[in-house]
Each structure stands twice: as structure tokens, then as C-alpha cells.
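Visitor: Could we take a close look at the ligand site, please? I'd like to go through its surroundings one piece at a time.

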Amino acid sequence: MCSRSDKMKGKSLRFRINLWYTVLMCFVCVALLGCVVAAARTAEKSLAQQNLIRSVERNIDEIEVENGILDIESDFAYLNDDVHALVFSKDGRLLGGEYPEGVEINLPLESEGIRMVGNYYVYDSLINFSKFEYKINGITGEIISSECDGIDSYTPFEGDINTVGEDCILSYREAYEIALKHSDRTKKNTDLMVARSYEYNDEPLYEIEFFSKKPGYSDIWVRGVMSAKEVDSIWGTIVAIATVLVPLVVLIACFVGSMIAKKAMLPIERLSSAVSEIQSGEDLTKQLDIGDSDPMIKSLTGNFNKMNERLHRSFEAERQFTSDVSHELRTPTSVILAECEYQLGDDVDKDEMREGFETISKQASSMKQIILQLLYFARIDRGNEKPTFEKDDLGELVKAVTGDMQSACKKDIEFITDIDKNTEMNFDISMMTRLVTNLISNAVTYQNDGGQVKVTLKNKKDSILLTVSDKGFGISEEHIDKIWGRFYRVDKARSREDGCSGLGLPMVKQLVELHGGKVWAESELGKGSTFFVEFRK
Ligand code: ADP
């Protein structure tokens with residue numbers, strides 16, 4: 001069975017980017033939609049509830065008690081903005097208004113704010129008629145009218161109520177007391193709000209208003225009922241819109257995601273097709289060029305080109321090496337075979353035979369030399385031949401090797417040495433001996449009798465510098481950089497006669513590098529050469 005990640009691995013990166021993008025977009029859209037819906041629903045709910053409260057409070061202003069009789073004025077709205085208003089007496093008797101059709105809410109009257117009953121919002125408000133308004137005849141003291149009303153706040157009267165009004169026989173105080181008596185209130189539990197007198201139908205009239213701190217004498221409840229479904233229907237609309245919108249958003253996200261993935265993947269696709277073109281053509285010299293693109297893709301292309309170049313060089317070196325080795329071994333093998341054939345002939349005298357075997361022996365030892373050197377290279381390349389560093393005086397080693405080379409030299413060549421003191425450093429004795437021997441051997445080989453080999457070892461500030469110079473044939477400029485390549489010889493025919501393989505200097509270079517140093521040569525054709533080896537201290 002395939003796991004989910006295994007299934008995803010099989011899909012293209014483009015498909016995966018598209019999928020991730022779409023999922024993300026859908027998630028964001030649904031989350032956004034959810035937030036909008038939640039906010040809209042809350043706002044809608046609170047607006048509906050505010051509307052319910054406003055309707056009830058507005059209706060309260062339309063209820064009064066006039067001359068002891070409850071008066072619901074004509075402006076009282078029994079149905080306004082989907083709010084049904086009902087009026088109840090203190091003991092819960094329905095005095096006016098109707099519940100929405102088919103609904104009866106058996107809920108006690110309580111001022112607890114908005115309550116949810118089934119699918120309805122219910123809001124109850126108690127009016128205790130605490131503001132009293134009296135009009136009293138200023139001469140006879142007759143109560144012309146009395147009203148009782150609900151009140152939230154009031155401003156107490158601060159004037160002088162002892163003044164007698166114009167043409168009045170009664171004083172303000174007397175008129176106030178008549179009103180108090182009629183309303184069954186005392187001065188203690190009331191606050192005077194208005195006390196004024198004016199003329200009405202040619203008779204003086206007192207208008208007295210006061211607020212009672214005692215509970216209202218005829219409390220009335222007003223109930224507002226509003227269907228919660230009105231709010232839910234808005235919610236339903238939102239859900240309906242979302243049902244259409246979400247799939248649409250998914251489709252758009254899918255399309256946009258695929259465009260983005262296509263655009264993002266374009267350089268990679270071009271890179272991939274360019275790579276497969278190179279791979280099918282098997283031409284490693286071909287460079288990738290995918291034009292102007294993203295810096296990351298550019299760097300990837302650059303690195304690919306560099307890697308390709310290195311691979312090409314290393315394949316070329318390998319090919320060259322194989323061809324060189326075959327070539328180098330073919331010549332002595334051919335000579336040996338030809339000589340053997342001749343020796344097996346009938347008319348070969350003893351001297352010829354000796355000469356023949358000498359040739360065979362020379363060619364065989366030249367082959368052995370090449371094979372030994374190649375094996376040594378192979379060991380170094382594979383890391384089997386690692387230097388064993390020991391602290392020793394390099395000067396002593398150079399002196400010893402030069403002495404040995406001088407003794408073995410069959411040419412008439414002057415040897416000069418100039419070795420500094422204190423040239424101690426870490427080196428591998430056998431490798432260093434091979435290195436110095438190779439350089440002095442070349443200096444001897446590539447000059448005639450009467451020449452000179454000068455070996456110096458200088459103790460410099462940060463390094464130790466070894467030089468081997470001769471006054472021999474020299475090397476022309478066109479060859480000087482190539483002599484470090486394996487099997488490279490300036491004069492092939494001549495070198496082969498001398499038993500030279502073209503592996504000496506590459507070996508020197510490799511040994512110097514194993515010691516962390518560097519090597520280079522300076523030469524002038526016909527005047528001589530100097531080889532420099534510098535080791536860091
Ligand atoms: P070889 O075994 O042929 O000496 P090397 O790698 O040591 O191989 O040298 C490569 C070539 O560099 C030689 O064939 C020779 O032509 C040239 N060479 C090296 N050393 C000297 C030198 N001291 N003077 C002139 N030519 C030299």
C-alpha cells in the first residue's frame with residue numbers, strides 16, 4: 001500500500017505547487033468568509049435587538065394615565081419594523097396588542113433585557129407612572145386635569161413656591177398640596193419639577209408637575225416580540241452566497257495556482273530540457289544557456305556548466321592518459337618483438353646476439369620504469385601512498401642527494417651547492433629524495449659535457465626555497481607550461497633514447513603538492529633552466 005507521501009512523491013513539482021497554493025487559498029477564503037459571516041451575523045443580531053428595544057421604549061412614551069384612566073395614545077405602534085408590541089397590566093393581564101400569528105409566549109414579565117424564547121426575541125419593560133402633571137384652578141382649587149406618566153430622569157424645581165400667582169387666591173403651595181393629596185403622595189416622597197401659573201379661559205391656572213419616589217400607582221408592562229428567523233434568514237442568504245462563492249474561489253485559486261506554478265517552473269523546465277539535450281548529444285563541451293532567468297537558476301546553470309567542464313576535462317585527461325600509456329608501451333614492445341624475431345633467425349652470430357639482448361634489456365627496463373612510475377601515481381591518486389611527515393633538516397637531505405647524483409654522473413658536469421643553515425621542516429624523506437633526485441637528474445640529462453648544475457636551498461622568512469638550475473638546452477616558452485603534464489616531452493625521440501618517460505616532472509609536482517608547496521620553472525632556450533620549489537614553513 002502506498003502512503004500519502006509516497007503518492008505525492010510521484011507527482012510533479014508543478015502539480016504539488018498548484019495543489020498547495022489551491023489548498024492554502026481555499027483555507028484563507030473559507031477562514032475569511034467565516035470571519036465575515038460571523039461578524040455580519042453578530043452585527044445583524046445586535047442591530048435587530050437594538051431595534052426591538054428602541055421600538056418598546058418609543059411605545060412607552062405613548063402610554064399615560066389621565067385622570068386615573070390608562071390612556072394608550074393613537075401613536076402607539078402595535079407592529080413596527082417586525083416588532084410586535086403588547087401591553088400588560090401589573091398582574092400580567094393583556095391589555096392591548098397581539099403576539100405574532102400562531103404564537104403565544106407564556107413567559108413571566110421581567111425586566112431582564114432581551115430573552116430568547118423559541119424562535120423569538122422578547123423584551124419586557126415596566127412603566128411605573130411616576131411623573132404627575134396637574135392643572136388646578138387658581139381661584140377655586142378645582143383639579144382641571146391630572147396625568148400620570150413614566151419617566152427616566154427629571155430636573156427638580158428650584159423656584160419659590162410661596163409666591164401667589166397673578167389674580168390667584170390660592171398660593172402655589174396650596175395648589176401643590178391639592179395635587180399631592182389627590183395623588184396620594186406626600187411632600188417627602190416627591191420632588192417638585194414644574195410650578196407655574198398662567199391664564200386659561202379667563203381664569204388663573206396652576207400647572208404643577210412632580211416626580212414620585214414611591215412605586216407607581218398603576219404599573220404597566222410593555223412587551224416587544226420579534227422573530228429571530230428574520231436574522232436567520234440573513235444568515236441563510238450568506239450561506240447561500242458562500243455555497244456559490246466557495247467553489248468559484250476554489251476554481252479561480254486552481255487556475256491562478258496553475259499559472260503561478262507554470263511560471264515558476266518555466267526556468268526549471270528549460271533547464272531540464274537543455275540538460276537532456278546535452279545528455280543525449282553526449283557532448284560535454286556544450287554549455288547550458290537558458291537566457292535571462294532567476295538568479296538562483298542562473299547560479300545553478302553556472303554550477304552545472306562548471307561541473308560539466310570539469311567532467312569533460314577529467315574524461316579528456318583519462319582518454320589522453322590511456323592513449324599515452326598505450327603509445328609509450330607500444331614502442332618498446334615493438335622493439336623487443338622485432339629484436340626477438342631477428343634473434344630467432346638463422347644467421348645470428350654471438351656479437352649480434354649480445355647486442356640484441358642488450359637492446360631487449362634496455363627496452364624492458366624502460367617499460368618497467370614506466371610501469372613502476374604509473375603504479376606510484378596510482379597509489380598516490382588512490383590515497384594509498386600518504387606522506388609520513390618527520391621533522392628533519394632539508395638542507396642535509398639536499399646535500400646528500402646532490403653528492404650521490406654527482407658521484408653517479410657520467411658526464412663532465414660541475415656541481416655547485418649553496419645550502420642555508422636551519423632549514424628544518426616536516427617532510428617525507430623518501431618522497432623528498434625522489435623529488436630532488438628527479439630535478440637534478442633532469443638538469444644532468446638535458447645538458448652536455450662541460451655544463452653546470454647548481455643546487456641552492458634558501459631559508460626565507462615564511463618559506464624554504466629549493467632551486468635546481470643548469471646551463472643546458474633550456475625549454476622554449478611554448479613548452480614551459482606543458483612539461484608538468486604526464487608523458488609530455490619536448491623532444492620525444494631524443495628523450496626516448498635517453499630512457500626518459502615524461503613522468504618525472506608530473507611526479508615532482510604531485511610530491512610538492514603533497515607537502516603543501518608549489519613548483520614552477522623558468523628557462524631560456526639554449527641558456528639553461530631553473531626549477532623552483534617553495535615550501536611554506
Ligand atoms: P623525462 O622523463 O622526459 O625527463 P620529465 O617529466 O622529467 O620527463 O620532463 C618532461 C620534459 O621536460 C622532458 O622531456 C624535457 O624535454 C623537459 N625538461 C625537464 N627538465 C628539463 C631541464 N632541466 N632542461 C631542459 N628540459 C627539461
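By class, how many nonpolar, polar and charged residues does the shell around the ligand have?

Guide: Happy to walk you through it! This is a predicted model, in which local features need pLDDT of at least 70 and side-chain atom pairs pLDDT 80 or more, while totals for chains, interfaces and linings use all residues. Numbering starts from 1 along each chain as its sequence is written, and side-chain values use heavy atoms, with hydrogens and water left out.

By class, the shell has eleven nonpolar, seven polar and two charged residues; Tyr and Cys count as nonpolar here, and Gly as polar. In total, 20 residues surround the ligand, the closest being Asn442, Tyr446, Asp470, Arg489 and Leu505. To be near, a residue needs a heavy atom within 4 Å.

Now for the polar contacts, pairs of N or O atoms within 3.5 Å. A side-chain N or O atom of serine 529 is 3.5 Å from a ligand nitrogen. Alone, the ligand exposes 520 Å², and the protein buries 95% of that (Shrake-Rupley, 1.4 Å probe).

Helix H8 (429-445), helix H11 (504-514) and strand E19 (528-536) each give two or more residues to the shell, and H11 has the largest share, with three. These elements are DSSP runs, of at least four residues for helices and at least two for strands.

Finally, the ligand's space is the largest pocket: an open set of points on a 1 Å grid over the protein atoms alone, with protein on both sides within 12 Å along at least five of seven lines.

Definitions and conventions
Polar contact = N/O pair within 3.5 Å; in protein donor to acceptor, adjacent residues only side chain to side chain. 1 Å grid on protein atoms, 1.4 Å probe; cavity = no way out; pocket = protein on both sides within 12 Å on 5 of 7 lines; lining within 4 Å. Sits in = over half its atoms within 2 Å of the grid points.
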